Amino acid sequence: MSTAYSGDGITFPDSTVQATAPKVGMVNRLINSDMRIDQRNSGAAVTATLGAYGVDRWLPQENNGSTVTAQQSTTSPAGFTNSLLLTASTGATSTSVQVTRVQQRIEGLNTSDLAWGTANAQTVTVSFWVRSSVTGTYCFGFMNSAQDRAYAAEYSISVADTWEYKTITIAGDTSGTWLTTNGIGINCLWDLGSGSDYNQTGGSWSGTNDWKTSNQVNWVGNTGATFYLTGVQLEKGSTATDFEYVDYGRQLQMCQRYYCKSFSTNTVPADGAAGAINTTCGPYNATSAYVSGIISYPVVMRVNPSVVFYSAGVGTGVWDIYKGSWVGTTTTSVNVPSSTYLIIYVASSGMASWAAYLVAGQFTASAEL
């Protein structure tokens, strides 16, 4: 091996060695792709309807009359502790316009360097571990935010109930509009039996919203069918590299940009759940008849989120610091002025102008794509 310079105890590698150096930065553009973070459900199963995330950042969808559930699972291949499990509790066949799929929408700020939609569009490789009770041909696809550019690729599951590793390399799209903002940059989709309206030719880009081929197996038509997914990586280049393991704390923060909560990690959000988040308010404003307090999110969220406020497990509404007791009947409302904090307004029949207060409660905030 040649070197550019060797002397004084220092050796600098030549360009060949530098070209094969390990990747640095954000290699994997997908978040929570080892399925360890599940803030909403803590492992419980949810019905795969619009907006019901199986685990953080992973959205299953089914609207064909079947009952498909999604949940975090501990069934996983070597090197992983969790997977996303989809189960077709009741089988059904999709009409031409119905869908059954699981997806992750990637923020454009995390895919801007791929330069899709330009002559410099970069090739990418997706790799993943998959397991299903139903063998056959399956489809993976890409779609843009406008749903007028899409790609369909096929892969096979050869042996039932056995983990298999898949890699797919796709040349980047040189046409269409691919957002590089905080909107949807790339939508990644795994099909499970969607309707024929979404069929296209495999291995090519189209000016449509079709992410599958006619060879896709009708997984959702099999009652009791299971589909597991984990270790998913989308990276720049034509070669799949080792899975990029991200420490739990950093991965949780990445998820919190899109969804966060005041509840403890393993507590499913609900009224009366144990614990409370408190914010100091007051003193009481007799003119406007409310007190207010500010609560910061753990990270800056993608956009101003949708917030749901829950009553606290230790009480409801407002604690009168002066009296040392809960104030009477309360009405709580939430204002979301920014992507960094929310304001809670509370009115109560038992407030007094000479006291300060604590608002006790819990919240969830969603800024999903």
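Is Phe142 buried or exposed? Phe142 is buried, because its relative accessible area is 0%; buried means under 20% relative accessible area, exposed over 50%, and partly exposed in between (1.4 Å probe, protein chains only). The model is predicted, so local features need pLDDT of at least 70 and side-chain atom pairs count only at pLDDT 80 or more, while totals for chains, interfaces and linings use all residues. Residues are numbered from 1 along each chain as its sequence is written, and side-chain values use heavy atoms, with hydrogens and water left out.

A pair of aromatic rings is described by the distance of the centres and the angle of the planes. Here rings of Phe, Tyr and Trp (its six-membered ring) pair if their centres lie within 6.5 Å; planes under 30 degrees apart count as stacked, over 60 as edge-to-face and the rest as tilted. The structure holds 22 aromatic pairs. In one of them, the ring centres of Trp116 and Phe142 are 5.2 Å apart and the planes stand at 70 degrees, so the pair is edge-to-face. This pair links distant parts of the chain, 26 residues apart: Trp116 is in the loop between strand E7 (100-107) and strand E8 (124-132), and Phe142 is in strand E9 (residues 136-143). Strands (E, at least two residues) and helices (H or I, at least four) are DSSP runs, numbered from the N terminus. Trp116 counts as buried because its relative accessibility is 6%. Phe142 also forms an edge-to-face pair with Phe140, at 5.0 Å centre to centre and 80 degrees between the planes. Phe140 and Phe142 are both buried.

Thr174 lies in the loop between E11 and strand E12 (184-191). Thr174 and Trp116 are 58 residues apart in sequence, and their C-alpha atoms are 5.7 Å apart in space. Leaving aside residues up to four places away in sequence, Thr174 touches Gly117, Thr118, Ala119 and Ala121, where contact means heavy atoms within 4.5 Å. Thr174 is partly exposed because its relative accessible area is 47%.

Strands of a sheet pair through backbone hydrogen bonds, either parallel or antiparallel. In this model six strands form an open sheet in the order E3-E5-E6-E14-E8-E11, with antiparallel pairing; two strands pair if DSSP finds at least two bridges between them. Strand E3 (46-47) and strand E11 (164-170) are the edge strands, each pairing on one side only. Within the sheet, E8 and strand E14 (residues 225-236) pair in the antiparallel sense over eight bridges. Val126 stands opposite Leu234 in E14.

Gln216 is in the loop between strand E13 (204-206) and E14. Gln216 counts as buried because its relative accessibility is 10%. A polar atom of the Gln216 side chain lies 3.3 Å from the backbone oxygen of Asp191. Residues that Gln216 touches, not counting those up to four places away in sequence, are Thr137, Tyr138, Cys139, Asp191, Leu192 and Gly193.

Two arginines sit over rings. A charge sits over a ring if NZ of Lys or CZ of Arg is within 6 Å of the ring centre and within 35 degrees of the ring normal. Arg57 lies over the face of Tyr258, 3.9 Å from the ring centre, and the charged end of Arg101 sits over the ring of Trp211, 4.5 Å from its centre.

Note on methods: Polar contact = N/O pair within 3.5 Å; in protein donor to acceptor, adjacent residues only side chain to side chain.
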